[in-house]
Amino acid sequence: MANLAKLEFAALDLFGDNYLSWVLDAKIHLRANGLGQTIVDENDASPEENAKAMIFLRRHIHEALKSKYVVVDEPLVLWKALGERYDHQRMVTLLRARYEWTHLRFQDFKSVSEYNSARHRITSLMRQCGENISEEDMLEKIMSTFHASNVLFQQQYIHSGFKKYSELVSCLLLAEQNNELLLKNHQSGPMGSAPLPEINAASEEVNATSSLGSIHKRGREGKRGR
């Protein structure tokens, strides 16, 4: 009973917020169990296969949806009904992903990894909605949104002629790592650099004392002269 109660993936939410990911998960698991044809038009699935698919789908939808479609006993009918109810989520998600893609800028992120994670999330959403972002688009996006202080890097990467986004990201990660190492070396101070602030302060104090002594000495000599 414990195995029967365990869900292979998250159940379809009542408001359909996870509909796109649910559709993908449901298709994958149905195919893995040899039931993929049960949700395809004009299929030749047996009654036993339809029954198994129906049990599987009902286990992975919200309780309120089970009640609403309680009289539906065909997996294809239930699949289409859920599609009609929630397929608008596809357009909503696509519009939101397009907006995020349009305003995605490499210069707005603190690291290459953060940018790459955001890019992957956006392009994955667009792919779920049936819209793919090409390698050229991803290269153009990152090349055209460099920070103004990195113009030399930008020009260098443009002239390198990258064809794959992954190759560009690898170079950016390496450059980022080298910059961090150079920064640490600069902060630690190179060989032969200026003394520490405490030594500087002590030196200034000694020099100031010596200067005052010289002034005081010249003052006494001036009085004797007069």
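1. Lys141 sits over the face of Trp101, 5.1 Å from the ring centre. Lys68 does likewise over Tyr69, at 5.8 Å. The criterion: NZ of Lys or CZ of Arg within 6 Å of the ring centre and within 35 degrees of the ring normal.

2. This is a predicted model, with local features needing pLDDT of at least 70 and side-chain atom pairs pLDDT 80 or more, while totals for chains, interfaces and linings use all residues. Residues are numbered from 1 along each chain as its sequence is written, and side-chain values use heavy atoms, without hydrogens and water.

3. There are seven aromatic pairs (ring centres of Phe, Tyr and Trp, its six-membered ring, within 6.5 Å; planes under 30 degrees apart are stacked, over 60 edge-to-face, the rest tilted). Phe9 and Phe56 form a tilted pair, 5.9 Å centre to centre and 55° between the planes. Phe9 lies in the loop between helix 1 (2–5) and helix 2, and Phe56 in helix 3, so the pair ties together parts 47 residues apart in sequence. Helices here are DSSP runs (H or I, at least four residues), numbered from the N terminus.

4. One aromatic cluster is formed by Tyr19, Trp22, Trp79 and Tyr86.

5. Glu42 deserves a look. Its phi is positive, about 55°, although Glu42 is not a glycine. Most residues other than glycine have a negative phi. Glu42 lies in the loop between helix 2 (19–32) and helix 3 (47–59). Glu42 is exposed (over 50%), with a relative accessible area of 83%.

Key. Helices (H or I, at least four residues) and strands (E, at least two) are DSSP runs, numbered from the N terminus. Buried means under 20% relative accessible area, exposed over 50%, partly exposed in between (1.4 Å probe, protein chains only).
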